Each structure stands twice: as C-alpha cells, then as structure tokens.
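Please read them with the structure open beside you.

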Amino acid sequence: MDFDLSEEQRLLKDSVERLVADRYDFESRKRYGQEPEGFSRDLWAAYAELGLLAIPFAEEHGGFGGGPVETMIVMEAFGRSLVLEPYLATVILGGGLVRRGGSEAQKAEHLPAIAGGERLFAFAHTERQSRFDLHDVSTAARRDGESYVLDGHKSVVLHGDSADHILVSARTAGARRDRGGIGLFMVDAKAPGLQRRGYPTQDGRRAAEITLENVRVGAESVIGDPENALPLIERVTDEAMAALSAEAVGAMDEMLKLTVDYLKTRKQFGTTIGSFQVLQHRSTEMFIELEQARSMAMFAAMMAADENPAERAKAVAAAKVQIGRSGRFVGQQAIQLHGGVGVTMEYKVGHLFKRVTMIDTLFGDADHHLARVAEAGGLVAA
Amino acid sequence: MDLRFTDEELAFRAEVREFFRTALPASIREKMILGHHASKEDLVAWTRILNQRGWAVPHWPKEWGGTDWTPVQQYIFRDELQLAHAPELLAFGVNMVGPVIYTFGNDEQKRHFLPRIANLDDWWCQGFSEPGSGSDLASLKTTARRDGDHYIVNGQKTWTTLAQHADWIFCLARTDMAAKKQEGISFLLIDMKSPGITVRPIQTIDGGHEVNEVFLDDVRVPVENLVGQENKGWDYAKFLLGNERIGIARVGISKARLNRIRELASLERIGDVPLIETPRFREKLAAVEIELKALEMTQLRVVAAESRRERGKPDPASSILKIKGSEIQQATTELLLDVVGPYAMPYVPEEEGRNEPTDGPDWASAAAPTYFNWRKMSIYGGSNEIQKNIIAKAILGF
C-alpha cells in the first residue's frame, strides 16, 4: 500500500493546480459561464495542450494511459475552482464509453479527437421515469435492415446542448426495466430527428432535454453489444462517480478553507469570531467530514479500476453515500458560518455549496446508494 | 499511489490470521464474542502466548522485544487481532508506560520493566485523572515532595481502570509547587503494594467494576522511580496521550462487531422476515459500515504518514481517529441493542464460573451493559471535545 503520488502524478498535480490558479479565479469563472456554451473554449484548448483531455486513453489513441488516480488529481483541482468545462461529459463519460466499449475503428476515430480538444460528447441516458436506475430505459432502438431507428426522450443530459456527438442508450429488446436488451448508439448531434433544448443548471453549467424521433443510425454507430450494453454503462458510470467524488472533495476542501479564513478575519463583539469555541468545533466537524469524504474518494478511485463488477459497484456506491452526506454537512455549515454573505451570488462559497448539492443528485443520491450497499450485503467482509 | 495491499502484506495478513485462529484459546474467544470481559487470568495467558511468539509488543523497538514491521504491518496485525475477537493487550503497559520508559527512562528502568510489561508480569494502571482534573489534566494537585532519596506522594487519582489488579501505577504528580501549571509535574512509577495506597471501586452504569479511585497518603517512592527529568513529566504525558490515539480507532473491533450484528440480525425475525432483510435496519447497518470503511481508509492514511513523521510525534489527524472511532463503536452498541429487542431487559451479573443458564439468548445479556458502558469511549483518552480543540488549534490554526 502506498499513498504517495508518483513523480508523474506530482507533476500532473502541480501543472493542473497552476493552470486553475492562473486562469480560474472566481471572477474569471463568472466570465466563462457567460460564454454561449456555458464554458470557455480557450480553457478547453488549454486542457488539451496540457494533456488533461488525453489522460485515460491509451497511447495509440493519443492518450497517456492514466488511471483513476490521475483522474482524481484533475477532478479535485477542478472541484476547488468550480471548473465549468465538460470534462466529465466528454472525457470521463463519452471517452470512457468509447474507450471501454467501442470497436478499434471507433476508438481510432474518436479518442484522438477528444484528446485534442476537437470533439465534445454527451451521454444521454437518464429518462423522465428512470430516476437513478440505470436499467430503466424506454427509449426504443428498432432494427431496420442494417440500421437502427431511435425514438424516445432523454432527460438532463449534461452538456447535451454543446456536444458534437451524443451517446444514446436505447432498448433493442426486452421490457422497460429489464437488464438485458439495452444498446448504446453514437448519434451525431445534428442528425435529423434529434432535437435538443439546452438550459442552465443550478450549479452554473448546462444540460439539455433531448428528443429522438425516427433518428436513423448505421450499424457502425453501435457501441459494444447492442443487446447488452448495461454492464458497460454501469462500469463507466462507476468511473464517473469516482471522478465526481474527487471533484466534491476539492469543492469541500475549498469551502472549509474559505470558512476558516473567514472566521479568522471576521470581527464581532470586538474579536474574531474564530475565537469562539462553538465555531471552532463546527469547523472541526467540517474538517472531519471532509477527510472521511477524501478517504472514500480515494477508496472509490482505487476500486473504480476493479475488474469485479459487484465489488466495484458496492465500493463506488459507498463513496457516493459518504460524498453526499459529507457534502451536505460541509456545504450547509460553510454557508451558516459565513452568515449572510454565504447566501449571496457574488461570493464563491454559495456556488461551491450548489455544486456539491448537485453532485449528490448525479448518478444517484446518498439514499439511493445506501439502499444499494445495503442490498448488496454491506461493506464489511466476514 | 496504490492503495491496495501488496502481495507481501497479504501474505503477512494470512500468517497473522492463521496464528490468531489457532493460538487464541477457545474459551477466551467465546467470552469475547458474547461481549463479556476477559478476566485477569485470560489476559495474562493471552499476553504470554503472544509474547512467546514475539508478538506481544510488536510496535516497540526491536531491542526491547519489538519487531521491525512497517506501519502497514503493524496496522494489519492490530486489525487481525481485533477481527479474531482476541482481547486487546493491557494498554497501560504496552501502549502507554512501555513507550514512555523506552523513550525517556534510564537503562535500569528499561531492563527491569520492559520485559515484565511484555510478559504481563506487572499489571500497570494509569494515575493521571483526578477528581478536579479531567480534561484540564495539567491542573492536577497530587504532590510529590522530595525527602532524601524518596518522594512523598499525596493525592487522589480517579477513573483508574483495573487498578484492582494492578501491581504498578504510573502517576503524574507535582514536584514544583511554585511553577506554573504544565511545568513542575513529574512522571513517577509507583508500586501498588506501597503503604499508603488505597483502592476504592467505582461502579459504572452497566453494573461493572472497571474503574477505581486511588488514594495516595504519604506514599514513599524511591527517587530511582522517577522517569526522565524532574518537572518534565508533562512532556512525557503528552507523548503518551498522543500514542494512545493511534490505536484508538479500533477499526477491527468495530468490523468484528458489525459482522456479528449482521449474523445475529439474520437470526432475529420480525414475523417471518429476518431483521437483516428489513430495509430500515439493513440501511442503518450499511450506513455505519460506510462510516467505518471511511475511517479505515483515514486510519491507513495516518499510518502511511506515520512512517514519514518524527518518531513519537503524534499526528494531529489522529484526533479524527479518536472522534470517529468512538462514535462508530458507540453506534455498533446501539445497533446490537436494536437487534436484541426484548431480551435486552434481564440484568445478568457477569460472574466468573457462573453456570446457570441466562434468560433469553446467551448473546443478548451483554447488549445493554455494553451500550451503557461504551458511552465512556467519547469521554476517555481526551474527550471528543478536547480532540476537536486539538484539531482546531493544530490543523485549522485557530
């Protein structure tokens, strides 16, 4: 066991932290958010130049062959600075689905384009009725000769309005909640019959509702097994949750730092309010929740690469529970300890709070994953 | 960064596990599984089994009977010891006064006391807290006045765990009455057979006798029983309390208890449904398991950082281990109480050699007393509020 970063990992950490420190202060972020796509294309190009968009991919596809620890390093730094660019949607989800499920031709076509910052992806999976159940898919994929015809509606597709390609899950067989019979299709965002309605999200990003009406895709658009893509989707979703856990840790860490700084400078009753024990203890509780969350984010990163799907899923679900609960506590207390300024748009802490709140709802909240861990027989090995 | 155990570490775990499986006497294991206390004889026997294997004090320096295990191996050893339902060794000797003696004691003290601690030839107890000095330990009033080659010790110690069995007590006493609080305190080793020592039991709410008051009236202590320098005892005490926090997460104990709770919750039924299959209970259990997994990872992080720290300098992050570790242990006692249901009620005194059958299942009788007794965990070893003060000051910089 080894908690030390390798030399390459340390370099990665330094460079990504330097980049966000130089270019992602809170005022700049406000500007990036006002750009048409809700993020900065300049920064996206900077990530490409630094190699951040290439991290998880194999060298033959223009990547670095990095693992979950490298992703964790990047996401934690992004979390701290509230980075808006579609790293999760494009690199982790889109790139992950292609990398893990795509054919050699698909990988060769798409992964270098992702790594180079030339192509954006979105993963259209959630539906109105599915809540957090990954197997609940009603969008239909009807076989018609050599092609498939897609019909259905996809909800809250992260960065769905700016993506060049949408990865759409759709049912080729079986009933709505069957595990089998789900396929995954690469759809050009401009394909006839695909409509998207973009909107801002609570945490300052963008998402879209996507409607598919008689959208025709060729056999070359199928990612993986058209009748059994759920294991692929689950695997990449687990990786996305591990990445989000690291992002949440970065955001919580920043909230704690801002809060402690505030307590040391804000004066009331003739003294800094950080001299009051009740507030010291509250920030100590935030620190403990943060460190427990950090531990679980590391555990998730370690287990995200596990080849045993049941163990991997249980570990990542457990991390998501911890992240959800810690995020809620740290976020609420950060606001409370800041007082009024904490609930204003102009101050960073409220935006961090909103981000960790939305992270909890992504891919299943704490209650959802607690039920999964419980059903799976718990975490302690007999 | 690779958070998995290496093959060598896994092999070490298997070796340790196998040893505990075969070497721990079944009678002791059963007692521990039922949540009862190990007797003095049990603990002496078990310590000597470990000592024979060279594993009674693995965290000590090699020349005093320790090992050269890595911090990770030390962790695995502790974890397996606890998972095996083995009694923990008497902390007052192996974790508290032992390290103080090998770090600050003189050669004669090391030669005499250390092997006797490792073999539990001497039963040690801790003379720190006083009626007026709990969290504010440095306000202690027990005095040690120099009289020729003796100190004359007067005062009262309290919460002295298992003093009824003790051969020796390590005491903090004031040797310089004029100095301010933390200065002027010395660390003394006192023979419990000395004239002037009286032990009075304190009964705790579970009905047990674990803690005591110890009265010291004109107790004569030879000056060679002073550890280190006179008036420097507070430094040694801080060192000792820092060490105390390392093992205090007791992750293995909570794991073993949660495994046991899962097993018992599949025997208890609500109607035809085993308790473990009711969503409400199993989610409560899973929530504690997740907290415990997080704590285990946090502990491993502290362990990994330990190898990079100056020896004997405690990591303030170990205060997290104390706080979360005690909260989780207490949560396991609540869960067991939930499992037991009505047969939590009968009060069954825990007596050696008792052979009349208990009312209700044999595993039920300890549930409530353990719940009551374990409220102590967030109080002792520096209360959780004191731990928060430590984090606030040492980590957050207030």
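1. B:Arg282 is buried, because 23 other C-beta atoms lie within 10 Å. Buried means 20 or more other C-beta atoms within 10 Å, exposed means 12 or fewer, and partly exposed is in between; C-beta atoms are placed from the backbone. The residue sits in helix α9 of chain B. Helices are DSSP runs of H or I with at least four residues, strands are runs of E with at least two, and both are numbered from the N terminus. B:Arg282 touches A:Ala374, B:Ile276 and B:Glu277, leaving out residues up to four places away in sequence. Contact means that two C-beta atoms, placed from the backbone, lie within 7 Å. B:Phe113 is 169 residues from B:Arg282 along the chain, and their C-alpha atoms are separated by 48 Å.

2. A word on the basis of these notes. This is a predicted model: local features need pLDDT of at least 70, side-chain atom pairs count only at pLDDT 80 or more, and totals for chains, interfaces and linings use all residues. Residues are numbered from 1 along each chain as its sequence is written, while chains are lettered from A and ligands numbered from 1 in the order in which they are written.

3. Now B:Ile320. It lies in helix α10 (residues 318–340) of chain B. Is B:Ile320 buried or exposed? It is buried, with 26 other C-beta atoms within 10 Å. Beyond its neighbours within four places in sequence, B:Ile320 contacts A:Ile288, A:Glu291 and B:Thr298. B:Ala249 is 71 residues away from B:Ile320 in sequence, yet their C-alpha atoms are 8.5 Å apart.

4. Look next at how α8(B) packs on α9(B). The axes of α8(B) and α9(B) (residues 279–306) come within 10 Å and cross at roughly 160°. Axes are lines fitted to C-alpha atoms, for helices over the stretch in contact, and angles run from 0 to 180 degrees between N-to-C directions. The two helices, α8(B) and α9(B), are therefore roughly antiparallel; that term covers angles over 145 degrees. Among the residues that meet are B:Val251 and B:Leu258 in α8(B), and B:Phe281 and B:Leu292 in α9(B). The residues of this contact divide into nine nonpolar, two polar and four charged. Ala, Val, Leu, Ile, Met, Phe, Trp, Tyr, Cys and Pro count as nonpolar, Asp, Glu, Lys and Arg as charged, and the others, Gly among them, as polar.

5. How many residues does each chain give to the contact between chains A and B? Chain A gives 33 residues and chain B gives 37. On the side of chain A, α8 (277–304), α9 (309–338) and α11 (366–375) each give two or more residues. The most come from α8(A), with 13 residues. By class, this side has 20 nonpolar, ten polar and three charged residues.

6. The largest nonpolar core has 230 residues. Such a core is a set of buried Ala, Val, Leu, Ile, Met, Phe, Trp, Tyr and Cys residues joined through C-beta atoms within 7 Å. Helix α7 (residues 230–265) of chain A gives the most to this core, with 19 residues. A:Ala297 is one of the residues with the most contacts inside the core. Its contacts beyond four places in sequence include A:Met72, A:Val249 and A:Ile323.

7. Please check two backbone angles. B:Arg250 is not a glycine, but its phi is positive, near 45°. It lies in the loop between α7 (233–246) and α8 (251–267) of chain B. A:Val156 also has a positive phi, of about 45°, and is not a glycine. Its place is in strand β3 (residues 147–158) of chain A.

How values were computed:
Angles under 35 degrees count as roughly parallel, over 145 as roughly antiparallel, 65 to 115 as roughly perpendicular and the rest as oblique.
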